[in-house]
Protein chains: 2
Amino acid sequence: MNSATSIVRTGVIGLGNMGMSHARQLRQGLVPRAELTAVCNTGAKPLLEFPGVAQFTASAELIRSGEIDAVVIATPHFSHVPIAIDALENGLHVLLEKPVGVHKNDCLQLIAAHHGRSGQVFAAMFNQRTDPFYQEIRRLVRGGELGEVRRVNWIITNWFRTDAYYASSPWRATWRGEGGGVLLNQCPHNLDLLQWIFGMPESLHAFCRFGRYHDIEVEDDVTAYLEFPNGASGVFITTTGEAPGTNRLEITAERGKLVYQNDQLVFTRNEVETSRYCRTASDGFGAPTTTDVVIPVAGHGSQHLGILRNFTAAILDGATLLAPAAEGIHSVELANAMLHSTLTGHTIRLPLDGDAYHRQLDQLIARSQAGKQNRPADSD
Amino acid sequence: MNSATSIVRTGVIGLGNMGMSHARQLRQGLVPRAELTAVCNTGAKPLLEFPGVAQFTASAELIRSGEIDAVVIATPHFSHVPIAIDALENGLHVLLEKPVGVHKNDCLQLIAAHHGRSGQVFAAMFNQRTDPFYQEIRRLVRGGELGEVRRVNWIITNWFRTDAYYASSPWRATWRGEGGGVLLNQCPHNLDLLQWIFGMPESLHAFCRFGRYHDIEVEDDVTAYLEFPNGASGVFITTTGEAPGTNRLEITAERGKLVYQNDQLVFTRNEVETSRYCRTASDGFGAPTTTDVVIPVAGHGSQHLGILRNFTAAILDGATLLAPAAEGIHSVELANAMLHSTLTGHTIRLPLDGDAYHRQLDQLIARSQAGKQNRPADSD
């Protein structure tokens, strides 16, 4: 960085939907002490939008240009790991879009590349971690206010996408181009929040359906059953095929039930822990007395901008990262395990056998639709 | 029946929680044109509560007593089928508590026993079919107003029971005494409504947990994934271990989403069918415009009394039965299939192989807890 002014010279690689949005936020000065100094865009025509910003068409050139201290990577999934490793090995701070990799082994490589480089900030774009609702749910769960969690039920089906979306780029929704469907493209956020709030399950059994709602080869509909180390069970449901969708997270725990839906968080609190009531009540049909508490939360936080700001503050001030990239392996492992369970028909115990899944993915890629080629395109 | 006054002389077999409640409702004159004329109670001491009502200690005697035209059977599960068959073969009208049998083969016997006896009314106590909420949901689903159903998600976890409940009778929550847990005792209502509203799934995969919340050998926690013949998917979750529980049914369909929760029924209606919008929209991220409609429904209907009245009206006036006993096989088959899936680890295609499940249940009964004996007790 420019130490005289303490400005982080930031580049963006990949100017699709997300990368362009990040570049614009940087350009507009919305991230204090960060400056957009270079972009990399594989598109044929130069961008007129960012005068004075160095433009490259190959990530390797941007990374070695000397124009940047930090880079935001928002390229198609398969290039996340090689580009991030290249950037790390060239001394840059890195902020990587989700998913951090397409499969678990890829993520392990990524984590290894950061080893011994603790001076380089390495973050992931898990912008939903900035959402006060999820922050509050996490606080209630991990702070013990809910007591031991017994069940998690998340219906997160508000990722509707039309056929036009899938037709917009040939790499979309192909094994070869994206390495998966809703689990790899839309859902990494929710899978990340799931493990961020509750920790990793110890096993799962999933029912993915491939091209259920769209003419695509990857999954666009998922129902997964989870079991956690403490015995808690869970269900996770997602799809890009339903409208209107739902975002409803219900958590049942010893001290009551927490429900997040319709942008409201309600805690129905038990006066006595459920298991204690169960053991001690003389009435067979009673239940603990409850109180409803609406938890005051407003808005959805700073999202992508919040992650960009946190990334910059981590570089300049040593601020704690909201979303270290190394934690991105968990959502990838969950996505991989859900696909692996569906394709094998088995319950998958975690940690996932990364080699077994890698072999399976390679087979899917080998059989990937002929008409859809893997293009290291410029959008995410 | 007494043809002069057109009164149905009704007996009740089994005076546990439910049977006693039915007997009292009959005794109090709450069922027009039905009279409680006999009860059968295996308890040692005679009941003082029903003066003038004939009392028996064996169902076979009551059935052959000449004191009744119709009988309500509310005994423990395993005796439902033999007692109902005995009553049918002796010319009585029969109203049978749920589950109508413990396993599918049992139910087939029951249905066969009613064959050629169309003059005898044979009903099941599916009292929740009288609930205006479920009636309205069924009307919206089957009347086509929702369009084709894509997903069903039912969290029905408000069946909390304490340890005292399970300790109240030695036959409770044993394979030998009840033939199952929450699926056979509490959930037959919900499984019946599920098939009554949506029809039977064509396959299911279930994750039952045995004695998760209570010191019992049968399942007290169930998560099941369902697939229906039209491709719709579903999740059904139930337990007797959570408080506060939830009753939330979400139905996603082509014309929108119907949600029943907190005693409110809300239809979020799509202006255009989802699949049509998906195919024709030029925007990748759009979704059909919606309107929220709160469907006006109040109260939960006449419940058990409604079924008793409908049973009596079917006998005297030929009224259409709300819940023919033959339809009770479906909820039993669903419960059996969920247990069979869990115990085999396989997805079960329906119709279920009744012989295979019968063999499995026999093994469970053979290994049933020594301390718990099968007693043809008097309560349900």
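1. Start with the salt bridge between A:Asp221 and B:Arg151, whose closest N and O atoms sit 2.6 Å apart. A salt bridge here is a side-chain nitrogen of Lys or Arg within 4 Å of a carboxyl oxygen of Asp or Glu. Chain B and chain A share six salt bridges, and over all chains the count is 32.

2. Before going further, keep in mind that this is a predicted model: local features need pLDDT of at least 70, side-chain atom pairs count only at pLDDT 80 or more, and totals for chains, interfaces and linings use all residues. Residues are numbered from 1 along each chain as its sequence is written, chains are lettered from A and ligands numbered from 1 in the order in which they are written, and side-chain values use heavy atoms, with hydrogens and water left out.

3. Another salt bridge worth a look pairs A:Glu227 with B:Arg209, at 3.9 Å from N to O. A:Glu227 belongs to strand E9 (residues 219–227) of chain A and B:Arg209 to strand E8 (residues 203–210) of chain B, so this pair joins two chains. Helices (H or I, at least four residues) and strands (E, at least two) are DSSP runs, numbered from the N terminus.

4. Now the interface as a whole. Chain B puts 57 residues into the contact, and chain A puts in 57 residues too; contact means heavy atoms within 4.5 Å. Together the two chains bury about 4300 Å², with 56% of that on carbon and sulfur atoms. Buried area is the accessible area (1.4 Å probe) that two parts lose on being put together, summed over both. B:Arg151, B:Pro244 and B:Cys278 supply 14% of what chain B buries against chain A, more than any other three residues.

5. What about polar contacts? Between chain B and chain A there are 31 residue pairs in polar contact, both residues at pLDDT 80 or more. The rule is a pair of N or O atoms within 3.5 Å; within protein, one must be able to donate a hydrogen and the other to accept it, and residues adjacent in sequence count only if both atoms are side-chain atoms. Strand E10 (residues 233–239) of chain B gives the largest share of the side that touches chain A, five residues.

6. On symmetry: rotating by 180 degrees, with 0.0 Å of shift along the axis, superposes chain B on chain A (RMSD 0.0 Å). That is the relation of a two-fold axis. The same surface serves both copies, since 100% of the contact residues of chain B recur in chain A.

7. A few backbone spots in chain B deserve a check by eye. B:Ala243 and B:Pro244 are joined by a cis peptide bond, omega about -5 degrees, and B:Pro244 sits in the loop between E10 and strand E11 (247–253). A cis peptide bond also joins B:Leu350 and B:Pro351, omega about 5 degrees. B:Asn262 has a phi near 50 degrees, a positive value in a residue other than glycine; its place is in the loop between strand E12 (256–261) and strand E13 (264–270). Most residues other than glycine have a negative phi, and most peptide bonds are trans.

Key:
Least-squares fit on C-alpha atoms with pLDDT ≥ 70 in both.
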